[in-house]
Amino acid sequence: MENTVEKTPVTLLGLGAMGTALARTWLAAGHPLTVWNRTRVRAAALTAEGAGVADTAAEAVAANALIVVCLLDDTSVDDVLAGIDLADRDLVNLTTSTPAQARARAEWARERGARYLDGGVMAVPPMIGVPEAGGYVFYSGSRELFERHRETLVVPAGTTYVGEDAGFAALHDVALLSAMYGMFAGAAHAFALIRKEDIDPAALAPLLADWLVAMAPAVHRTADQLRSGDYTKGVVSNLAMQVAGTPTFLSTAEQQGVSPELLNPYFELMRRRLADGRGEEDLTGVIDLLVR
């Protein structure tokens with residue numbers, strides 16, 4: 001039988017790589033889509049796929065109740081939406097921002113009569129519209145708004161709602177990406193150690209990937225220790241033992257002609273925690289040293 005269920009119309013502001021991927025996914029799913037982009041040629045390219053192209057951002061906002069914003073930065077959101085009537089609009093902001101910017105934007109939207117939802121995209125453009133790729137978006141702000149548009153928002157990527165505080169999506173986004181960069185830093189040091197040796201990086205890569213996967217569950221122990229306040233709970237290798245092993249890492253780096261600058265900050269935190277008499281703890285205590 002023919003599907004006669006009407007799909008929610010969407011207005012999308014911003015057609016960079018991510019915005020274009022979002023647009024094509026909604027169009028493919030049958031959602032009426034109005035788009036606007038500062039550089040009009042990017043918007044025109046979507047007309048063949050069924051998108052309506054607005055001449056101005058104001059025209060695009062007026063076209064539909066659900067407005068999705070995917071721009072360069074928070075300043076761009078200010079510039080694009082300045083002076084536009086947002087009354088009774090559902091504003092979903094997928095522009096990368098800080099938690100403070102997201103909270104301020106939620107208040108800004110409320111003052112203009114709009115309902116607000118902030119998003120943190122945990123995907124790159126090729127993952128959009130490909131469920132098996134595992135991409136998803138953190139959402140925070142109005143739960144009622146999230147539930148109202150859940151079926152539309154889930155079309156491009158999975159959805160994970162993280163709270164009424166509008167800043168929580170951005171905070172979760174940056175927290176996960178910060179851990180990612182820490183992992184990249186460790187991988188960079190590992191590859192640097194073998195760089196001058198007769199060792200194929202492609203041979204090390206699967207060993208490294210498997211090791212990182214094996215170590216990943218340690219984050220659950222860290223979370224459990226933070227929740228309980230007992231940093232000695234379930235310790236496998238205590239802080240004193242791990243600090244005692246750090247000279248080997250630093251000596252190896254020196255012998256291989258590799259800078260220890262990616263390791264030293266973390267090792268210094270470990271030494272400071274040990275100096276405070278916390279040798280029986282896990283590594284969790286370094287988190288308290290980071291929090292000001």
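**Reading the terms in this model**

Trainee: Why are strand E4 and strand E5 said to pair?

Mentor: Strand E4 (residues 66–69) and E5 run in the parallel sense and are joined over four bridges, and because two strands pair if DSSP finds at least two bridges between them, the word applies here. One of the partners can be seen directly, as Val69 has Asn93 in E5 as its bridge partner. The names come from DSSP runs numbered from the N terminus (helices are H or I with at least four residues, strands are E with at least two). Before going on, please note that this is a predicted model in which local features need pLDDT of at least 70 and side-chain atom pairs count only at pLDDT 80 or more, while totals for chains, interfaces and linings use all residues. Residues are numbered from 1 along each chain as its sequence is written, and side-chain values use heavy atoms, with hydrogens and water left out.

Trainee: What makes strand E3 and strand E8 edges of the sheet?

Mentor: The sheet is open, with eight strands in the order E3-E2-E1-E4-E5-E6-E7-E8 and mixed pairing. Strand E3 (52–53) and strand E8 (158–161) each have a single partner strand, so one side of each is left without a neighbour in the sheet. For E3, strand E2 (residues 33–36) pairs with it in the parallel sense over two bridges, and Thr34 stands opposite Gly52. On this sheet packs helix H5 (residues 99–111), which touches strand E5 (90–93) and strand E6 (115–122), where contact means heavy atoms within 4.5 Å. The direction of H5 makes about 150° with that of E6, on a scale from 0 to 180 degrees between N-to-C directions of lines fitted to C-alpha atoms, for helices over the stretch in contact.

Trainee: How do you know that Arg112 and Glu111 form a salt bridge?

Mentor: Their closest N and O atoms are 3.9 Å apart, and the rule asks for a side-chain nitrogen of Lys or Arg within 4 Å of a carboxyl oxygen of Asp or Glu, so the pair passes. By this rule the count comes to 18 salt bridges. Another is formed by Glu144 and Arg148, with 2.8 Å from N to O. These two are four residues apart in helix H6 (residues 143–153), which means that about one helical turn separates them. Both also belong to a network of salt bridges that links Asp88, Asp90, Arg115, Glu144 and Arg148.

Trainee: What makes a space a cavity or a pocket?

Mentor: On a 1 Å grid over the protein atoms alone, a cavity is a set of points where a 1.4 Å probe fits but cannot get out, whereas a pocket is an open set with protein on both sides within 12 Å along at least five of seven lines, and lining residues have an atom within 4 Å of a point. By this rule there is one cavity of 30 Å³ or more. The largest cavity holds about 60 Å³, and its lining includes Met18, Trp26 and Tyr139. Helix H1 (17–28) gives the largest share of that lining, three residues. The largest pocket has about 2300 Å³ of space. Of its 45 lining residues, Gly182, Leu212, Met215, Tyr266 and Leu283 are the closest to its centre, while the largest share, 15 residues, comes from H7.

Trainee: What is set apart about the phi of Asp88?

Mentor: Most residues other than glycine have a negative phi. Asp88, in the loop between helix H4 (74–81) and E5, has a positive value near 65°.

Technical notes. Points joined across faces, edges and corners; volume = space filled by probe spheres on them.
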